[in-house]
Amino acid sequence: MIKEIKQDGEARMQKTLEALENTFSKVRTGRAHPGMLSGVMVSYYGAPTP
């Protein structure tokens, strides 16, 4: 039972770290990077377009 709890905690922490890395990848570093705009949606003829 302890091993299952530990494995579950490790899996959750790994997902959290991946989400944090994704968020940090969008932080501006002074250089243009196409990944910074991946989450931006623009209304184009009434349809949301990335």
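Me: Accessible areas here come from the Shrake-Rupley method with a 1.4 Å probe. On that basis, what percentage of the accessible surface of the chain belongs to carbon and sulfur atoms?

Reply: Keep in mind that this is a predicted model. The accessible surface of the chain comes to about 5,000 Å². The part that belongs to carbon and sulfur atoms is 61%.

Me: In what pattern do the helix and the strands follow each other along the sequence?

Reply: The chain has one helix and two strands. Helix 1 covers residues 2-24. Strand 1 takes in 42-44, and strand 2 takes in 47-49. Read along the sequence, that gives the pattern α-β-β.

Me: What percentage of the 50 residues in the chain is buried?

Reply: To count as buried, a residue needs a relative accessible area under 20%. Among the 50 residues of the chain, the share that is buried comes to 0%.

Me: Which residue forms a salt bridge with aspartate 8?

Reply: The structure holds one salt bridge. The closest N and O atoms are 3.2 Å apart, and the partner of aspartate 8 is arginine 12.

Me: How far apart are the mean positions of the positive and negative charges of the chain?

Reply: The chain has 7 positive and 5 negative charges.

Me: What is the area of the nonpolar surface patch made by Leu17, Leu20, Phe24 and Val27?

Reply: Two of its members show where it sits: phenylalanine 24 is in helix 1, while valine 27 is in the loop between helix 1 and strand 1. Phenylalanine 24 is exposed because its relative accessible area is 54%, and valine 27 is partly exposed because its value is 45%. Together with Leu17 and Leu20, they make a patch of about 380 Å².

Me: How far apart in space are phenylalanine 24 and methionine 36, C-alpha to C-alpha?

Reply: In sequence, phenylalanine 24 and methionine 36 are twelve residues apart. In space, C-alpha to C-alpha, their separation is 9.9 Å.

Me: And what is the distance in space between glutamate 21 and glutamine 7, C-alpha to C-alpha?

Reply: Glutamate 21 has its place in helix 1. With a relative accessible area of 58%, it is exposed. Glutamate 21 and glutamine 7 are 14 residues apart in sequence, and their C-alpha atoms are apart by 21 Å.

Me: How far is glycine 39 from threonine 16 in space, C-alpha to C-alpha?

Reply: Glycine 39 is in the loop between helix 1 and strand 1. Its relative accessible area of 52% makes it exposed. Glycine 39 and threonine 16 are 23 residues apart in sequence, and in space they are apart by 19 Å.

Me: Which residue other than glycine has a positive phi near 55°?

Reply: Most residues other than glycine have a negative phi. The residue asked about lies in the loop between strand 1 and strand 2, and it is exposed, with a relative accessible area of 78%. With its phi near 55°, it is tyrosine 45.

How values were computed. Residues are numbered from 1 along each chain as its sequence is written. This is a predicted model: local features need pLDDT of at least 70, side-chain atom pairs count only at pLDDT 80 or more; totals for chains, interfaces and linings use all residues. Side-chain values use heavy atoms; hydrogens and water are left out. Helices (H or I, at least four residues) and strands (E, at least two) are DSSP runs, numbered from the N terminus. Buried means under 20% relative accessible area, exposed over 50%, partly exposed in between (1.4 Å probe, protein chains only). Lys and Arg count as positive and Asp and Glu as negative; His and the chain ends are not counted. The place of a charge is taken as NZ of Lys, CZ of Arg, CG of Asp or CD of Glu. Patches are made of residues with over 30% relative accessible area and no salt bridge: like charges are joined within 9 Å, nonpolar side chains (Val, Leu, Ile, Met, Phe, Trp, Tyr) within 5 Å. A salt bridge is a side-chain nitrogen of Lys or Arg within 4 Å of a carboxyl oxygen of Asp or Glu.
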